[in-house]
Amino acid sequence: MEAGRGRGGGEGVRTRDHLANVRTLLAFLRTGVVLLGLGLVIDKLGVLQHSAGALVGLPIAVAGWLVIGGALVRFLFQRRAIEGDDRRSFVIWDVAVVAFTGGAGLAVMLYLLLSA
């Protein structure tokens, strides 16, 4: 192992960190794909009455793409941090994605409850 790389503890720790980073990426990708699918189902299959499907489905699908894009950015930043001396955590980014996804879900639920 080269001096100054990673957070110490040997190659096993770095490998474990990379695998955890990939698992986190996959979890965010699953969330994004679910949002994409949900948005498309609402929009295309007319799950909601009248024209509300496009008003609700499209923003959910866009939120799915944003989560997928954000997951890739987070993965690449975290990968660079694992390989280098950077010991910063990206918890704020994760909290922002969770808050965004939860807020979007809450907005859709409120819209559906108020429009019923």
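Helices (H or I, at least four residues) and strands (E, at least two) are DSSP runs, numbered from the N terminus. The model shown is predicted: local features need pLDDT of at least 70, side-chain atom pairs count only at pLDDT 80 or more, and totals for chains, interfaces and linings use all residues. Residues are numbered from 1 along each chain as its sequence is written, and side-chain values use heavy atoms, with hydrogens and water left out.

**View 1. Overall fold of the protein chain.** The protein chain contains 3 helices and 0 strands, in the order α-α-α from the N terminus on. Among contacts (heavy atoms within 4.5 Å) between residues at least 6 apart in sequence, 68% join residues at least 24 apart.

**View 2. Surroundings of Q78.** Q78 belongs to helix α2, which spans residues 52-83. Q78 is buried, with a relative accessible area of 17%. Neighbours within four places in sequence aside, Q78 is in contact with N21 and F90.

**View 3. The largest nonpolar core.** A nonpolar core is a set of buried Ala, Val, Leu, Ile, Met, Phe, Trp, Tyr and Cys residues joined through side-chain atoms within 4.5 Å. The largest one has 12 residues, among them L25, F28, I60, F75 and V108. Helices α1 (11-44), α2 and α3 (91-115) are the elements that give two or more residues to this core. Helix α2 gives the most, with 6 residues.

Key. Buried < 20%, exposed > 50% of the residue type's maximum accessible area, 1.4 Å probe, protein only.
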